[in-house]
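Q: Please examine one part of this model closely. Then set that part within the chain as a whole.

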Amino acid sequence: MNISNSGHSVDIVEVTKTFANVTAVHKVSLNIRKGEFMTLLGPSGCGKTTLLNMVAGFETQTSGAIQIDGKDISDVPPYMRETGMVFQSYALFPHMNVFDNIAFGLRMRKLPAREIKAEVERALDMMKLSGMEGRRVRQLSGGQQQRIALARAIVIRPKVLLLDEPLSALDKNLRLQMQVELKELHQKTGLTTIFVTHDQGEALSLSDRVVVMSRGEVQQVSAPIELYTQPANGFVASFIGEINALPKARCQKSGQDFRFEVCPEISLNGRQPARQELKDGQMVHIFIRPEHIEIAGPRHNGANIVKGNVAAHIYQGTHTQTRVNVPGIGLVELRTKGAAAIDQAPLGSEIALSVPLDEAVILPA
Ligand SMILES: Nc1ncnc2c1ncn2[C@@H]1O[C@H](COP(=O)(O)OP(=O)(O)OP(=O)(O)O)[C@@H](O)[C@H]1O
């Protein structure tokens with residue numbers, strides 16, 4: 001069932017927003033495609049809610065333009081923008097029952113009662129809430145309330161669905177379940193969606209593309225896999241997933257072969273990384289994810305091996321996170337399957353680690 005009116009694009013053009021002396025959003029330009037699920041991700045205070053509120057019309061940009069389908073909507077009031085918004089706090093009307101909450105926007109638009117009933121039923125059905133029409137909001141669980149907030153947003157057939165941390169008030173299991181439901185909802189409706197979160201797991205699992213923001217600026221716009229494997233800079237590398245940041249290293253180049261001097265005792269060798277253009281003598285940052293580092297064995301052939309002492313094991317069920325203190329580098333984290341590392345590398349013992357440079361992210365310093 002496709003309830004959207006056929007997909008709409010959103011363009012954010014050079015948008016800046018300042019509050020008194022705070023620049024919350026700085027020269028942000030984004031194109032959100034028709035039917036796309038786009039996530040704004042970043043730490044608290046990076047400006048993602050302010051950006052969403054400007055699309056909704058709750059805030060006015062200081063400069064720049066916001067367009068839906070190429071038309072500037074900067075002067076259109078929020079209720080005329082045809083956007084549906086869901087807030088973290090749900091913001092339902094506590095004195096109304098479920099039906100009246102969902103019907104609110106349709107009544108404001110003065111639709112005939114019969115049409116309102118049909119539309120509300122459709123939204124209830126889509127959010128798996130059929131039969132709950134008469135319930136008071138207070139009698140419902142957090143997950144049910146959030147589904148009503150979603151039903152209320154989609155019932156008006158918005159051009160764009162705006163979601164501001166809609167899952168963060170839910171407990172972990174419910175959040176995972178609602179992630180699946182959000183994804184299903186997006187697939188069913190095809191609605192262009194802008195989703196705000198500071199939870200990178202949520203961003204990776206739900207989005208077509210993710211915008212990583214920091215201090216009011218866009219750091220990277222990429223599909224989830226690219227974001228994880230090809231972070232554009234150190235901020236993104238460190239913000240998405242876990243990653244080891246090695247000390248700055250000097251790159252020595254000889255043809256296609258590279259040598260990175262991490263510290264006087266440790267050099268790592270590799271071939272020309274496919275995506276990076278590095279020069280001889282250049283300083284670089286090397287980032288490597290815990291799941292790519294292994295406890296060295298005969299098959300590692302002695303290449304790119306560093307030695308250190310086991311400082312901690314953190315057992316996590318599916319895997320063990322091990323911290324190794326490597327002289328010249330500092331703490332290095334590796335992630336291995338199950339609990340084997342706990343016996344294989346007892347606390348305090350010296351172990352050798354294989355650092356596969358072809359899995360590393362190497363960025364100019
Ligand atoms: N109405 C306001 N008046 C003054 N400063 C504001 C206002 N709204 C936001 N800010 C400031 O703008 C910056 C960005 O805030 P914003 O709420 O957009 O960030 P956020 O990334 O959504 O953070 P969070 O995840 O904590 O909501 C912050 O420094 C914030 O203090």
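**The ligand shell and a helix**

A: Helix H1 makes the greatest contribution to the shell around the ligand, giving three residues. Helices (DSSP H or I runs of at least four residues) and strands (E runs of at least two) are numbered from the N terminus. The model is predicted, so local features need pLDDT of at least 70 and side-chain atom pairs count only at pLDDT 80 or more, whereas totals for chains, interfaces and linings use all residues. Residue numbers start from 1 along each chain as its sequence is written.

The shell consists of Phe19, Val22, Ala24, Gly42, Ser44, Gly45, Cys46, Gly47, Lys48, Thr49, Thr50 and His198. Strand E2 (22-32) and helix H1 (48-56) are the elements that supply two or more of these residues. By class, four residues of the shell are nonpolar, seven are polar and one is charged. In this scheme Ala, Val, Leu, Ile, Met, Phe, Trp, Tyr, Cys and Pro count as nonpolar, Asp, Glu, Lys and Arg as charged, and the others, Gly among them, as polar.

Met178, Leu182, Leu185, His186 and Thr189 are the buried residues of H5. They lie on the same side of H5 because they cover an arc of only 95° around the axis, the arc being that of the directions from the helix axis to the C-beta atoms. In general, an α-helix has 3.6 residues a turn, so residues three or four places apart point the same way. A residue is buried if 20 or more other C-beta atoms lie within 10 Å of its own, exposed if 12 or fewer, and partly exposed in between, with C-beta atoms placed from the backbone.

The cover over the buried residues of H5 includes strand E3 (37-41), helices H3 (113-126) and H4 (142-154), strand E8 (192-197) and helix H6 (200-206). On the other side of H5, the exposed residues are Asn173, Val180, Glu184 and Gln187. Gln187 is exposed because 10 other C-beta atoms lie within 10 Å. After H5 comes Gly190, which has a positive phi near 65°.

The wider setting is as follows. The protein chain has nine helices and 21 strands, and 37% of its 365 residues count as buried. An automatic or database assignment gives the domain bounds: domain 1 spans 10-239 and domain 2 spans 244-364. Their C-alpha centres lie 39 Å apart. Six residues of domain 1 are in contact with six residues of domain 2, where contact requires C-beta atoms, placed from the backbone, to lie within 7 Å. The side of domain 1 that touches domain 2 has two nonpolar, four polar and no charged residues. Along the principal axes, the C-alpha atoms of the protein chain fill a box of roughly 75 × 45 × 40 Å.

Definitions and conventions
Two residues are in contact if their C-beta atoms, placed from the backbone, lie within 7 Å. A residue is near a molecule or strand if its C-beta atom, placed from the backbone, lies within 6 Å of it.
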